[in-house]
Amino acid sequence: MKTLTLDSADALRRLRHFYVLTKPRVNTLIVFCAMIGMFLAVPEGLPSAQIVLFATLGIACVAGAAAAMNCLIEQQIDARMARTRARPLPRGELSSAETLAFSLVLGGAGLLLLYNAVNPLTMWLTLATFVGYAVVYTVFLKPRTPQNIVIGGASGAMPPVLGWAAVTGEVGSDALLLFLIIFAWTPPHFWALALYRSADYARAGLPMLPVTHGSRYTRLSVLLYTIILFAVTLLPFATRMSGAAYLAAAVVLGLAFLRYAWRLYVDYSDKLSQQTFRFSIVYLSSLFAALLVDHYLPY
Ligand code: HEM
Ligand SMILES: CC(C)=CCC/C(C)=C/CC/C(C)=C/COP(=O)(O)OP(=O)(O)O
């Protein structure tokens, strides 16, 4: 009886390690943005519940597999950074073989589900997103150029496009606007974190912008991208994809983000940089929630 209890506690612990590999908090917002793409793709009414369910599950599995692959490839780097050294691989809680098998099984299952229960286009776009993050960004860009997250941000911006493709079988121009929003949001999101974690990145030998170009240049880049982001978020209203309620939310949220970026530029502190990073997440979640609410308002 005692052995049985120990065994199940051990199994639960291992399950938890696999779960951590999928970077569940980041991927929750990624999957949320994909789901918003699904709802916005239908001009009136709701998308098919079955498609929403299978597409969400499939995208979540492949995103989790991409995160696990990133953890596998970066285990030595993760071991050198305070923020990441408690991950299952650097701690020796999971082996490389276990992680590889987990990523392949989870990703394979997600792709099969997308191909068979959603449509082939969504499967191919999701596979390209996986390769973009787990291979192009992680293996080639991240260790080589401070523009790594700008180019790699294209993968992170794909989820609403994937959601849109799942429901319509094509990539609409409105879906590209949603792509552009996340694409412009990624640099201020990431560089706000990189600013207060720059010693970590320097120790790991990664050429993140604050390490290669210093704090002031990075803060200016955050400010400029936040201005671009503000302009890009007006496009859904300008193209009549979204209405006045969305515009109001985009302006209020955008001004708040600009205020953070401006204060960060003129009067830097690690605390403010942390607050800006946290706000970037509130910002994107709220903006996408506003797109959804606005879509169903009876204008
Ligand atoms: C190349 C693009 C991106 C880079 C380099 C990046 C980088 C990061 C990093 C380094 C963290 C800290 C993670 C941790 O401490 O475990 C983080 C957190 C986060 N990211 Fe991103 N990110 C990117 C794109 C995205 C996208 C597209 C989304 C969602 C749409 C997103 C949502 C989040 C969320 C929700 C967190 C907070 C996680 C938590 O609270 O633990 N990120 N990001
Ligand atoms: C559908 C699908 C395949 C989605 C993948 C989405 C994607 C590209 C996510 C990127 C977000 C992310 C986990 C960044 C972490 O950066 P990092 O790896 O540099 O951060 P770290 O230092 O915490 O490992």
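A nonpolar core here is a set of buried Ala, Val, Leu, Ile, Met, Phe, Trp, Tyr and Cys residues joined through C-beta atoms within 7 Å; buried means that 20 or more other C-beta atoms, placed from the backbone, lie within 10 Å of a residue's own. Do keep in mind that this is a predicted model, in which local features need pLDDT of at least 70, side-chain atom pairs count only at pLDDT 80 or more, and totals for chains, interfaces and linings use all residues. Residues are numbered from 1 along each chain, with chains lettered from A and ligands numbered from 1 in the order in which they are written.

**View 1. The largest nonpolar core, with A66 and A68.** Among its 85 residues, these two touch the most other members. Helix α9 (residues 173-196; helices are DSSP runs of H or I, at least four residues) provides the largest share, 16 residues. Domain 1 (1-171) and domain 2 (172-299) each contribute at least three residues.

**View 2. The surroundings of ligand 2.** The shell holds 18 residues, the closest being A63, A66, Y133, S155 and G156; a shell residue has its C-beta atom within 6 Å of the molecule. Helix α3 (49-73) gives the most, with 6 residues.

View 3. The bounds come from an automatic or database domain assignment.

Technical notes
A residue is buried if 20 or more other C-beta atoms lie within 10 Å of its own, exposed if 12 or fewer, and partly exposed in between; C-beta atoms are placed from the backbone. Helices (H or I, at least four residues) and strands (E, at least two) are DSSP runs, numbered from the N terminus.
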